[in-house]
Amino acid sequence: MTTPLPRGTDLLVIDDRGRVHAIDRATGSLSMVAALPGAAPPSTLDPVLVDDHVIEVMGEALSAAPLGDAVQPWALSMNGATIRPPVVEGNTVFWLHENRDAGAVELQAVRARDGGRLWSTTLNDQEFPGGLLVREGVLYSSTPPSARDAFTGRLLWETRFPEHGAGGPVLDPASETLFVALLDRSAGGGGVVALNARTGAARWQRPVADAISIVERLWLEREVLVPPGADRKSTRLNSSH
C-alpha cells in the first residue's frame with residue numbers, strides 16, 4: 001500500500017489494484033471508498049489529496065479518484081515516466097513527466113476536479129524529469145532549476161548548469177534559497193547548488209562524492225542539507241555556505 005493520506009478522522013491508502021481504502025484512526029476499521037481508473041498498478045510515488053480527489057501515478061498515467069458519487073474519475077496519459085510525485089497548490093495539480101512522443105520532458109498544470117489542462121510547457125533539452133515544489137503561487141523545478149508563476153506558467157527565471165538537475169528541490173523556510181541536486185553523468189557524481197529563490201542567481205555550488213539519486217529529494221533540517229543519494233549518511237552540507 002501507499003503512504004497514508006490523512007483526511008479528517010481517517011487515513012487513506014491505495015492498494016496494489018488501485019483501490020482507495022479509508023482506515024478509521026480510532027477503531028482501525030477498513031472500508032473501500034473509491035477506485036483509481038486504469039489497468040496499471042499504482043506507482044511507488046506518494047499520492048496527493050486535493051479537492052476531495054485522491055491523485056496518483058498509475059503506470060504512465062495520472063489518475064484521480066473522487067471521494068464521492070457525483071463526480072467521475074479521470075486519467076491523463078503521459079506516454080512516459082514520472083520520477084517524482086505531483087505537487088498541489090489550491091485546486092491545481094502540477095506534474096512533471098517524460099513525453100516519449102516529443103522526446104522531451106513536459107510540465108503540466110491540471111484541475112483536480114476533472115483533469116482539465118490549465119497550462120503546459122515542453123522542456124526539449126532535458127534527459128529525464130526531475131521534481132517540483134510549489135509555495136505561495138511560485139512553482140519551482142529541478143529540471144532545469146527554474147521558477148514559474150504557478151497560475152499562468154510564465155517563466156520567472158531559469159538557471160542553466162553543465163550538470164543535469166535531479167530529484168526533488170527544497171526551499172528554505174524563508175523562501176529565500178532554493179537548493180537543487182545536480183547530476184554529472186560523465187563523471188558519475190554531482191553536487192548541490194543554492195540559488196536565490198527570487199532571481200535564480202547562484203549563491204554557492206558544492207560537489208558531492210556520492211552518487212546522486214534522480215528519484216529522491218533533497219532534505220533540509222535547520223542548517224543541515226542532505227543530498228539525494230544512495231548513502232545519505234555519508235554526505236552532509238551546511239545550507240548556509
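Modeller: Start with Asp 114 and Arg 111, whose side chains meet in a salt bridge at 3.0 Å, N to O. That term requires a side-chain nitrogen of Lys or Arg within 4 Å of a carboxyl oxygen of Asp or Glu. Asp 114 counts as partly exposed because its relative accessibility is 37%. Arg 111 is partly exposed too, with a relative accessible area of 26%. Buried means under 20% relative accessible area, exposed over 50%, and partly exposed in between (1.4 Å probe, protein chains only).

The model is predicted: local features need pLDDT of at least 70 and side-chain atom pairs pLDDT 80 or more, while totals for chains, interfaces and linings use all residues. Residues are numbered from 1 along each chain as its sequence is written, and side-chain values use heavy atoms, without hydrogens and water.

The structure holds 6 salt bridges. Another of them joins Asp 52 to Arg 7, at 3.0 Å, N to O. Asp 52 sits in the loop between strands S5 (48-50) and S6 (53-58), and Arg 7 in strand S1 (residues 5-7), so the pair ties together parts 45 residues apart in sequence. Strands here are DSSP runs of E, at least two residues, numbered from the N terminus; helices are H or I runs of at least four. Asp 52 is partly exposed at 36% relative accessibility. Arg 7 is partly exposed at 30%.

Then comes Arg 100 with Glu 60, their closest N and O atoms being 2.8 Å apart. Arg 100 lies in the loop between S10 (92-99) and S11 (104-111), and Glu 60 in the loop between S6 and S7 (61-66), so this pair ties together parts 40 residues apart in sequence. Arg 100 is partly exposed at 44%. Glu 60 is partly exposed at 33%.

Asp 149 is buried, yet has no salt bridge. The nearest side chain of opposite charge is Arg 154, 4.5 Å away. Lys and Arg count as positive, Asp and Glu as negative; His and the chain ends are not counted.

What does the side chain of Asp 149 reach? It reaches the backbone nitrogen of Phe 151 at 2.8 Å. A polar atom of the Asp 149 side chain also lies 3.2 Å from the backbone nitrogen of Thr 152. Leaving aside neighbours within four places in sequence, Asp 149 is in contact (heavy atoms within 4.5 Å) with Trp 119, Gly 137, Arg 154 and Leu 156.

Asp 149 belongs to strand S15. Strand S15 (residues 145-149) runs antiparallel to strand S14 (residues 138-142), and 5 bridges join them. Strands pair if DSSP finds at least two bridges between them. Ser 142 stands opposite Pro 145 in S15. These strands belong to an open sheet of 4 strands, in the order S13-S14-S15-S16, with antiparallel pairing. Its edges are S13 (132-135) and S16 (155-158), each pairing on one side only. Neighbouring strands of this sheet are turned by 15° against each other on average, direction ignored. The axes behind that angle are lines fitted to C-alpha atoms, for helices over the stretch in contact, with angles from 0 to 180 degrees between N-to-C directions.

Note on methods. Polar contact = N/O pair within 3.5 Å; in protein donor to acceptor, adjacent residues only side chain to side chain.
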